[in-house]
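Thanks for coming. I will go through one model this morning, beginning with the ligand, then a strand, then some charged pairs.

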Amino acid sequence: MTPEHVDVLIVGAGISGVGAGHHLRERCPDKSFAILEARADMGGTWDLFRYPGIRSDSDMHTLGFRFKPWTDSTSLADGPSILSYVREAADEAGLNDKIRYHHRVVSAAWSSADARWTVGVERTDTGETVQLTCGFLFMCSGYYRYDEGYSPEFPGIDRFGGEVIHPQHWPEDLDYAGKRVVVIGSGATAVTLVPAMAETAGHVTMLQRSPTYVVSIPGEDPIANFVRRVLPEKAAYAVVRWKNVLLQMAVFRLSKRRPKLVRNLIRKGTIRALPAGYEVDKHFKPKYDPWDQRMCAIPDGDLFEAISAGRAEIVTDRIETFTESGVKLESGQELEADIVITATGLNLLFLGGATISVDGEEPDVSRTMTYKGMLLSDVPNFAFTLGYSNASWTLKADLTSEYVCRLLNHMDEHGYSVCVPRAHGIQPSDEPLVELTSGYVLRSIEQLPKQGPGDPWQLKMNYAKDLRALRHGALVDSAMEFSSPAAEPEPAEPALA
Ligand SMILES: Cc1cc2nc3c(=O)[nH]c(=O)nc-3n(C[C@H](O)[C@H](O)[C@H](O)COP(=O)(O)OP(=O)(O)OC[C@H]3O[C@@H](n4cnc5c(N)ncnc54)[C@H](O)[C@@H]3O)c2cc1C
């Protein structure tokens with residue numbers, strides 16, 4: 001049987017996949033497309049994570065789509081609100097009949113002779129395998145494994161008599177009221193969980209090996225709420241979005257240029273928020289500079305408040321072993337626990353675990369270079385979404401979809417059916433794809449594609465520069481090769497951007 005064919009296949013129905021569907025509908029109305037989603041529902045991250053307090057730690061004016069104003073008064077939003085927003089966006093774009101649930105993409109094979117991808121799909125509900133073909137493959141599959149969060153091997157964990165839970169697999173019926181909880185970790189998930197659980201738990205201890213920068217920001221943005229009162233919805237959203245983009249960029253730039261100054265400012269804020277005599281340097285002074293790893297934003301100082309009220313504490317130490325009743329630390333201290341939460345992170349996964357091949361050859365993805373942070377060298381008619389690590393993910397996801405639509409329209413206008421970035425002998429640089437030194441990045445950085453020595457092979461991590469290059473910049477340059485069926489490739493033109 002001939003497999004079903006669509007012009008564009010989007011993989012993943014999270015924020016990125018839903019955004020991609022919206023942009024395709026709007027900008028390439030004649031293209032047929034489908035969205036394949038491995039799970040039973042849309043929303044990705046915001047449907048998967050169900051732990052208490054789950055929320056964004058970037059503001060929703062930039063984590064929201066450019067095309068859909070965030071109208072809630074809260075700036076950092078809880079998981080269920082973000083999920084409703086994504087569902088609403090899908091509804092408004094008429095995507096509900098485009099998404100095929102329980103479809104996990106496991107392979108994608110490009111044939112130059114047919115100028116199309118054959119995509120192998122595993123039905124996660126029936127176990128069947130299905131094939132589809134498409135002209136363009138657009139991966140919006142996120143960046144981490146859904147089946148398994150990261151958990152280091154803790155000595156003695158088997159003898160612990162209480163419950164051990166990873167936040168990625170939160171049991172719906174977990175009753176922690178009045179219980180002693182130890183949360184292992186110091187990242188965004190740990191700092192979210194601790195104050196949320198401290199509301200009803202007996203006591204919550206956040207056990208960290210080393211501190212993270214934790215910055216309190218207003219849960220509601222007073223400027224945003226004022227602007228919304230005086231301007232129409234769309235205009236207000238655009239103004240607040242730009243305010244936040246510029247603020248994020250300024251903080252990032254200042255952190256890189258004047259790390260000492262930013263360290264001091266954060267330290268002073270933390271001292272003010274905690275009781276006199278609190279060991280701020282022990283628990284809140286990281287060894288690295290601000291923005292060498294993602295900073296943790298907390299709404300209205302909720303973590304500091306839980307600590308000040310004595311409902312939560314932070315212990316900075318290393319685990320020697322689990323015991324029957326808790327955790328023994330290298331310092332000799334013992335933490336008694338009924339429940340231990342391992343907020344120890346994610347396992348990075350590129351391209352949703354799918355294998356790709358081009359004319360029968362499987363490229364070593366770790367040797368490919370990223371073109372404009374979204375295409376891969378020598379991989380035709382293919383794009384992926386990788387959001388910013390120093391700003392909201394969706395800012396880049398939106399630009400990526402816009403660029404893909406421009407590329408598709410350009411190809412149609414000129415009668416091309418294939419586009420592929422060629423490195424022409426340029427070698428990958430040593431620069432990692434993601435410049436964070438966080439554990440989950442370092443554990444897997446080798447599997448990721450590389451950056452090249454200059455444009456267009458570098459990832460910018462800068463919204464303003466990307467906006468110019470991706471929304472308005474030239475589509476034709478010395479690297480991008482376009483060709484038509486049964487025709488010789490068009491010679492590359494000189495770079496215009
Ligand atoms: C707890 C948590 C909090 C976060 N908070 C923020 C924040 O505040 N700000 C921010 O900018 N970022 C945040 N992030 C990063 C966050 O993941 C992104 O902001 C955004 O949600 C990513 O959207 P996405 O659609 O690209 O990926 P995901 O949300 O991961 O969605 C990917 C989708 O693709 C599907 N999929 C994957 N592989 C396949 C396959 N092979 N076949 C078919 N379907 C597949 C998945 O099932 C999933 O539905 C957070 C991440 C986590 C884990």
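First a term: a residue counts as near a molecule or strand if one of its heavy atoms lies within 4 Å of it. With that cut-off, 32 residues surround the ligand, and the closest are Ser16, Glu37, Asp57, Ser58 and Tyr146.

Before going on, the ground rules. This is a predicted model, in which local features need pLDDT of at least 70 and side-chain atom pairs count only at pLDDT 80 or more, while totals for chains, interfaces and linings use all residues. Residues are numbered from 1 along each chain as its sequence is written, and side-chain values use heavy atoms, with hydrogens and water left out.

Back to the ligand. For polar contacts the limit is a pair of N or O atoms within 3.5 Å; within protein, one must be able to donate a hydrogen and the other to accept it, and residues adjacent in sequence count only if both atoms are side-chain atoms. Threonine 45 places a polar side-chain atom 2.7 Å from a ligand oxygen. Aspartate 57 has a polar backbone atom 2.6 Å from an oxygen atom of the ligand, and for a polar backbone atom of tryptophan 393 the distance to a ligand oxygen is 2.8 Å. The ligand alone exposes 980 Å², of which the protein buries 95%; these accessible areas come from the Shrake-Rupley method with a 1.4 Å probe, and for residues only the protein chains shown count as cover.

Which elements give two or more residues to the shell around the ligand? They are helix H1 (15–27), helix H2 (45–48) and strand S4 (103–111). S4 gives the most, with 3 residues. Helices here (H or I, at least four residues) and strands (E, at least two) are DSSP runs, numbered from the N terminus.

Next, strand S9, residues 203–208. Buried means under 20% relative accessible area, exposed over 50%, and partly exposed in between, with a 1.4 Å probe and protein chains only. In S9, 5 of the 6 residues are buried, so the strand is largely enclosed by the rest of the structure. Two strands pair if DSSP finds at least two bridges between them. S9 pairs in the parallel sense with strand S8 (residues 180–184) over 5 bridges, and 5 bridges also join S9 to strand S12 (residues 312–316), again parallel. Valine 204 in S9 stands opposite valine 181 and opposite alanine 312 in S12.

Last, the charged pairs. A salt bridge here is a side-chain nitrogen of Lys or Arg within 4 Å of a carboxyl oxygen of Asp or Glu. The whole structure has 25 of them.

Glutamate 88 bridges to lysine 68, with the closest N and O atoms 2.7 Å apart. Glutamate 88 is in helix H4 (residues 79–92) and lysine 68 in the loop between helix H3 (60–63) and H4, so the pair ties together parts 20 residues apart in sequence.

Aspartate 338 and arginine 180 meet at 2.9 Å, N to O. Aspartate 338 sits in the loop between strand S15 (334–336) and strand S16 (339–342) and arginine 180 in S8, so this pair ties together parts 158 residues apart in sequence.

Finally, Arg27, Arg66, Glu402 and Arg471 are linked in a network of salt bridges.
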